[in-house]
Amino acid sequence: MGAQRHPAQSGAPGQGAEHVLVAFPGRHRSWAVWIANRLEAHGHRVTVHRWDPPREQKLEHALGDLLLARGRVLLVLSEWFFQLGPRQEGEWSEVLRGFVAANADRFAAVNLTSRPLLPATAVLEPADLWDVGEYEAERRLLARLSLTPAAAPPVPGGSSGTRYPNDQPAVWGEVPRRNNRFTGRDEILSELQQRLMDAERGTAACALVGTSGVGKTQIAAEYAHRFSSDYDVVWWVDSGRRGTQRDRLGELAVELGLSVGSEPTGRISAVREALRRGEPHGRWLLVFDGWEDVEDAARLLPRGGSGHVLVTARSHGWREVMDMLEVPVFGRAESTGYLLRRAPHISAEEADEVAAEFEDMPIQLAHAAAWLGESHMRVPEYLRRVRSGELSPLDQAAGPGEYPRHLLTSWSMVLNRLRQRDPRALELLMLCTSFTAGRIPLGLVRSLPASHLPERLRWIATDLPGWSRALEALADYSILVRGERSLPASAAEAPGRQQESVHMHGMVHSIVSRLTAGDDLGAYREVVRRVLAEADPADPADSRQWPRYAELLPHLDHAGVLESTEPRLQGLVLNCLLYCLNSGEYLVGIELAERIRERWSRLLAPEAQPMFELTTWQTTILRAHGRFQEAYELDRRALERLRAAEHPDEVTLMRTTNSLASDHRFLGRYAEALQLQREAVDMARRLLGPQEWTTLRNRHHLGASLRLSGRYHEAYEADRETLAQCEAVLRARHTTTLHSGTACARDLRLMGHYQEALARQEHVLRLHVQVLGEQHPQTLWARHNHILCLRRAGTDQHDIGAMLAALLEQRERVSGRNHYNTLALLTDYGNYLREHGDLSEAHDLIGEAEDGYRALVGRAHPVPTAMQSNAGLVMQAEGDRSGALNLFEQALIGLRTLLGDDHPVTLGCALNTTGGRSFTGRLHGAAELGRDTLGRARRVMGEDHPLTLSCMVALAWDLRSLGEREEASRVEEEALHRLTRTLGAQHPHTLSARQRRRPYWDYEPFLG
């Protein structure tokens, strides 16, 4: 930080103003800033000076340099102050008794610790500021400097917002405990703070990038503690795994008091908006530790606001996203200083030799310093052992590999020492290595009854002091970092329960695991598996339990849960998979499902019940992510095995049939989907009854199959019956009930009952927001349908374009640009823009959506085929009528082949084709197709359906063009009469028909 001058806030030189130089170690920066703030508030001038003189400089000279400043020198003391250098106690005592005593009128001090300081410190008469309130601390500070308080005592903190260091920020989230042995790094910490402070508002973000073990996490944690008084919110996010990262960031919504549900995406969106606005807190710091996926930055990082973002990572790709600061290894002075503090019996020359041996790598120096300080071994002997590679029987299994031999040897020495002096610490370490590296919810182990633990580990459940001593021993050797996390009461076993966690660096985890590979680890992994099974809330549909599943999921693989045939553990695995599905973590779920299938395929027969359950949920996630063909192949093979079995489980057969029906539906095979779906519904009713949840879900899928088959009235009847059953059995606010409500509204809209559809969807949307939150994918789909209802109802009270644009931004953030639901929204927004004259943007959006659908489902599918009709409307509006007609004709031929002549989508495309023929002078062809389309629409859609009436208006246009005015007038008059009666005189369709504008049909794509 260097020297920094603070202008006085009140008072003036010559009117009792004094100058004070505050000399502090970097660790106590927040205290120095607070002291400066309070002294300036009373009218005095202050210079704050981070003081850490090099060890080579004589202490008397270093202190003498401080006296070059005018006025008093205030030293900020703690046990840390006397470790600067470091220097021997004798050197400090000599200087305090001599030089400082001789200049006692210039020196003063404050004390920040309850631990005893050097006896000679008495010459400074330090004022104790530890463990007192802010007003008392200020009084003691002024009294020690013999300064008179201002006439009107200023409010502590003043206008600068400087917080008293003993007062934690309003929100302090899971920041690792402060490392009392953290040393050096002052320059990089100062540079980091300067970069964040100098950045423009809304862009204050910096990535600490460096190799594994270089100390990035330690620097980030020290920054959070050292500069905590600058922030009202400090929130730490473990970003090593995507699901854990998203859940952890979403938990900040609760701490900020935001009114959101439990769905991670909605919470994250609310958090980002709250941070952008600076409400309820404007000064915030987010730390994303171990974040390697740069592509996720746009969806998670806050945009704007006056806070700061700090990322730790290995990837240099962050330089494309934010400011980047490379973290080097220790400087040699930092290395030797660290070693000398922890192992004061060694010489500076020996410390230099150890630092050179491990190339100044912080994580290895921490281990070496811990060993030397604990064992008091002489450095030559220590280095001899390390260099000779003397391995004990403990680690004979460790052969050559990615770690140097001397590194493995040094760690082996620590493990041997633990085995001899603190075997319980070694047992706890073995337990930690049976979890995955990173954050380990170790406190969960103590929730197991002693009877569920192996005899040698039962002390964990009964001996709390022994537990604490073992953890401290591991922390002392820099093997792990202790921390605590309080889970939300709803996700913990007891309200407010503290779940102790530790953090184990990946390199340390890897080395220790390798060195203990010869030990019997089976017992330890069995304990971890029991812990994970006990911690399973067994309700992955409850969003309140998602933080717990995010915590358990990373440890399944390493603990051997995926290789277990125990039903309870297999249930845990499937529940974690369902958590991924319900929370929208599709990529995480797909990867997990693939690993499960790989392991279970070696353990279980293809006909085993768990394999069928895995297939059902794996294919559901694949479909949700748009990987339809993969889902179909898995379900097809599963159904073939079930049908070939002599006595298949009927419930499994029903579920697999339902899943395969869904695959056919998404792949555009609507007839096959409808047939299979009817079978699934019949089986569910027979086996489970009409009101069981699975039956209701199957009936919901039946409505979708009927809708995609163009049988809108039948779909509505099925959906209406399903909704009634859901409301009676599951109640109105259940997610299945809400989904069914949206389906009914969609049916009504497709049937042409626009006002009724709008009224129903408005109610359903309000419930979605209340129950699931603004950003849940199901809520976004309900909002999408609501906007389409508004548009079809012809209301002019809303800015439909702005609503579509805002929803598109939300949908892209939640699902990505290429997801099928985003493509549907791109299409509907493009149709709207074309209708309102923005042809360039409409052209781009429709083209992007058409390409996206082809990439998802291929060309021989109803959706990309029908999309050609939308593209033709844009081309027609741009003036290329021949090109438009070509697209209309291609779409019509394709849809007749795929869906048949009477499908509503085919009829809509035929309507557009009549317009294309008419605009290119092919009037007889237009009229001929128009008569045929009108006849079919009357039979399929009904006399008063808007599509039927549009066909009448278009036919009247073509008849008039052919000179058949009498028939044209009769058809037009009937169409206007029916439009007025069904939609109203002021509806856009009615007005357009009166103005004799050629009608058209917008295709609204829907995959499943």
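In this predicted model, Tyr579 is buried, with a relative accessible area of 1%. Tyr549 counts as buried because its relative accessibility is 0%, below the cut-off of 20%. A total of 20 aromatic pairs is found in the structure. One of them is formed by Tyr549 and Tyr579, whose rings are stacked, with 6.1 Å between the centres and 15 degrees between the planes. This pair links distant parts of the chain, as Tyr549 belongs to helix α20 (residues 546–552) and Tyr579 to helix α21 (residues 567–583), 30 residues apart.

Phe628 and Tyr820 also form an aromatic pair, here tilted, at 5.5 Å centre to centre and with 55 degrees between the planes. Because Phe628 lies in helix α24 (residues 628–644) and Tyr820 in helix α33 (residues 820–835), the pair ties together parts that are 192 residues apart in sequence. Phe628 and Tyr820 are both buried. Elsewhere, Trp51, Phe81, Phe82 and Trp92 are joined into a cluster by ring pairs.

Arginine side chains are also placed over aromatic rings. Arg341 lies over the face of Trp80, 5.8 Å from the ring centre. Arg834 is positioned over the face of Tyr1000, at 4.8 Å from the ring centre.

The largest nonpolar core comprises 129 residues, of which Tyr382, Leu428, Leu442 and Ile479 touch the most other members. Helix α21 gives the most to this core, contributing 10 residues. When neighbours within four places in sequence are set aside, the contacts of Tyr382 are Phe358, His367, Ala368, Trp371, Leu372, Met377, Ser410 and Met413.

Helix α35 (residues 862–877) consists of 16 residues and reaches 24 Å from its first C-alpha to its last, close to the 22 Å expected at 1.5 Å a residue. The helix is mostly covered, with 14 of its 16 residues buried. Just after α35, Gly879 adopts a positive phi of about 105 degrees.

Definitions and conventions. Residues are numbered from 1 along each chain as its sequence is written. This is a predicted model: local features need pLDDT of at least 70, side-chain atom pairs count only at pLDDT 80 or more; totals for chains, interfaces and linings use all residues. Side-chain values use heavy atoms; hydrogens and water are left out. Rings of Phe, Tyr and Trp (its six-membered ring) pair if their centres lie within 6.5 Å; planes under 30 degrees apart count as stacked, over 60 as edge-to-face and the rest as tilted. Helices (H or I, at least four residues) and strands (E, at least two) are DSSP runs, numbered from the N terminus. Buried means under 20% relative accessible area, exposed over 50%, partly exposed in between (1.4 Å probe, protein chains only). A charge sits over a ring if NZ of Lys or CZ of Arg is within 6 Å of the ring centre and within 35 degrees of the ring normal. A nonpolar core is a set of buried Ala, Val, Leu, Ile, Met, Phe, Trp, Tyr and Cys residues joined through side-chain atoms within 4.5 Å. Contact means heavy atoms within 4.5 Å. The expected span of a helix is 1.5 Å times one less than its number of residues.
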